[in-house]
Amino acid sequence: MMFKNSNNYSFSAGLLPGYLLGIAGLFVFVWREIDPWGWPDLDMATYYASVEKPGMIINDFFTSCFGDSNGRAIFGLLTAWPIHLGLDWYKTLYLWMLINSAALPVALYLGLQSSTPGRNNVSAFVYFIFIAIAIVNPGRVSQLTVAWWSGWGTYFHPSVFSISLISLGVCALGAGRIGWKVLGSILAFLSALVHPAYSLGGVIFFTIMLGLSREKPRAIILICSVFLGLVFVKIFSDSGALSVDEYFQYFSWLHPEHYIPSRFVAMGSFPWHVPFFLLNLIFFGSGVALYLMKKKSASLIAFCFFAVYFSAVVSQYLFVEKYPVSTTLLLISPVRFTAFGYWMSAVCIALVLIEFRNRINNLPSHYLSAAGQFKLNFMSGKIFKPYGYIYSAIFIFLSAALGVTGFLHLKAPQDLIDSNKQELLDWIVVNTDPASEIASGGFLPVEIPLITGRGTYHGNGFPFEDRCLRENYVRYVNIRGVPTGKAGRMNSSKFYAGLNVSDFMKMSPRPDWVVMDRESPGAVRSMSIQQPAFENEKFLVFEVDR
């Protein structure tokens with residue numbers, strides 16, 4: 001575990017702060033009570049349930065769309081192995097969330113520090129603080145994102161795993177030994193398989209730093225490894241089979257808050273323009289400051305960050321919303337690159353502070369307090385002997401202990417469903433055919449297939465397979481309507497609440513059953529048409545006559 005890059009930076013010493021961040025991230029995740037029914041943690045849950053119990057879910061639209069050419073198929077294949085070892089679908093997801101909580105902080109710390117030109121204890125300190133903030137207050141970091149594209153998260157999603165893989169790959173590529181370089185290439189390749197768009201964003205992010213810091217060979221290997229992965233994905237995926245107009249239709253009507261700049265939705269209480277311009281100000285301001293300090297290479301990094309980050313949103317507006325001309329560009333969506341904005345700001349601040357520190361290095365040591373010296377030396381690992389294997393062993397032991405603790409206190413997902421929902425699910429199991437398809441709007445879209453085995457008409461995931469997009473769009477409009485305005489699909493719950501059982505009878509395809517909130521206008525009208533097959537304090541269920 002002890003290796004050095006071409007600039008003789010000892011990563012065995014630098015491992016310690018990264019491992020501390022990993023343990024902290026894992027501890028916070030285990031300590032916090034998670035919502036087992038929250039998206040995107042269950043984005044692929046029905047796929048894992050199908051692997052666990054083949055034939056359990058026999059008529060769920062989203063699950064049926066998870067074929068070999070699905071955009072998530074490779075990620076699913078790489079992460080489903082714990083099920084074959086005896087874990088159920090939920091414990092498998094929880095295991096990967098544990099791994100991500102520990103791996104992402106370590107990967108980002110090592111990746112950022114290893115690719116920063118002039119890296120020293122100052123840059124290490126900056127990255128430590130930025131990652132610590134993300135661990136302690138992830139919501140605040142999310143508020144700095146554009147259109148919900150985030151570069152941090154302890155949830156189960158291929159995007160964050162792709163960031164971990166490419167960050168570790170960049171670090172390993174900086175090692176002196178050929179074995180580490182091979183490992184780095186493999187990790188970068190895997191990042192492209194896991195999430196092509198995020199790996200491409202990671203390549204741009206790290207290549208800017210490496211290419212302008214005299215580490216071009218490392219940048220070239222990184223680019224080639226990811227490019228090979230993207231080619232592999234292209235060969236085995238059917239993405240790109242539809243027309244530009246069809247892709248635009250799905251992105252603009254199904255996910256406008258993600259893809260359409262005029263309808264972006266921010267995570268915080270302020271508009272998305274606020275974090276966008278704030279980060280651009282940091283990039284541009286850092287570039288000017290570094291240029292005035294005669295650090296041209298470092299200033300170029302900051303200016304490149306500004307140019308790429310700004311153009312990501314501009315090109316999204318021009319070539320995705322206004323003038324969609326390329327299916328590839330639509331699928332990649334340049335705005336995804338903004339997910340790295342938080343980490344680009346950390347790099348810019350680190351570069352500025354590195355130069356400030358270099359300028360005071362000639363001052364007598366008594367000008368720096370003993371506490372300040374200790375903190376900075378701790379960040380670079382100078383007060384510890386470089387026993388990388390020992391650090392790694394301790395990290396693995398503590399991570400395993402925390403992971404076991406998490407599993408011992410993990411509640412079954414069924415135990416976290418309220419009584420009204422559980423009563424409804426029990427009724428569905430007893431009184432409906434296993435091949436039934438149930439429309440539920442925003443109610444129980446994931447719980448229905450995972451607990452009852454029945455299919456959900458729409459709502460438990462986005463089918464990342466072109467053959468399903470047309471029908472997915474029809475189902476979406478049937479029960480959610482055509483979203484309009486800047487709120488996008490956020491108003492879809494109102495549309496569903498207004499539907500009555502007669503409306504469902506006219507749909508094509510039609511669900512077998514429909515679940516309604518008993519206080520909704522549609523439910524009130526439905527009761528004048530037919531008696532509900534099930535009712536409790538919260539829900540009504542009607543059969544849709546064929």
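This is a predicted model: local features need pLDDT of at least 70, side-chain atom pairs count only at pLDDT 80 or more; totals for chains, interfaces and linings use all residues.
**Exercise 1. Decide whether the residues of strand β3 (residues 513-517) are buried or exposed, and sort them by the way they point.**

Step 1. In a regular strand, side chains alternate between the two faces of the sheet.

Step 2. W513, V515 and D517 point one way from β3, while V514 and M516 point the other way.

Step 3. Buried means under 20% relative accessible area. Five of the five residues of β3 are buried, so the strand is largely enclosed by the rest of the structure.

**Exercise 2. Find the disulfide, give its handedness and state which parts of the chain it ties together.**

Step 1. A disulfide is a covalent bond between the sulfur atoms of two cysteines. Searching the whole structure gives one disulfide. It joins C65 to C468, with an S to S distance of 2.1 Å.

Step 2. The torsion about the S-S bond of C65 and C468 is about -110°, so this disulfide is left-handed.

Step 3. C65 sits in the loop between α3 (61-64) and α4 (73-79), and C468 sits in helix α23 (residues 466-480), so the bond ties together parts that are 403 residues apart in sequence.

Step 4. C65 counts as buried at 2% relative accessibility, and C468 is buried with a relative accessible area of 3%. As for other cysteines, C348 counts as buried at 0%, whereas C304 is partly exposed at 29%.

**Exercise 3. Describe how helix α11 (residues 196-211) and helix α12 (residues 216-236) cross, and what kinds of residues make their contact.**

Step 1. Two packed helices are described by the angle between their axes and the distance between the axes. The axes of α11 and α12 come within 9 Å and cross at roughly 170°. An angle over 145 degrees counts as roughly antiparallel, so α11 is roughly antiparallel to α12.

Step 2. The residues of α11 in the contact include L200, V203, F206 and L210, and those of α12 include L222, I223, V226 and L230.

Step 3. By kind, the contact residues divide into eleven nonpolar, three polar and two charged.

**Exercise 4. List the buried residues of helix α13 (residues 244-254) and name the helices they pack against.**

Step 1. The buried residues of α13 are V244, E246, Y247, Y250, F251, S252 and L254.

Step 2. These buried residues pack against α14 (256-259), α17 (327-332) and α23.

Step 3. For the setting, the protein comes to 26 helices and five strands, and 56% of its 546 residues count as buried.

Note on methods:
Residues are numbered from 1 along each chain as its sequence is written. Side-chain values use heavy atoms; hydrogens and water are left out. A disulfide is a pair of cysteine sulfur atoms within 2.5 Å. Helices (H or I, at least four residues) and strands (E, at least two) are DSSP runs, numbered from the N terminus. Buried means under 20% relative accessible area, exposed over 50%, partly exposed in between (1.4 Å probe, protein chains only). Axes are lines fitted to C-alpha atoms, for helices over the stretch in contact, and angles run from 0 to 180 degrees between N-to-C directions. Angles under 35 degrees count as roughly parallel, over 145 as roughly antiparallel, 65 to 115 as roughly perpendicular and the rest as oblique. Contact means heavy atoms within 4.5 Å. Ala, Val, Leu, Ile, Met, Phe, Trp, Tyr, Cys and Pro count as nonpolar, Asp, Glu, Lys and Arg as charged, and the others, Gly among them, as polar.
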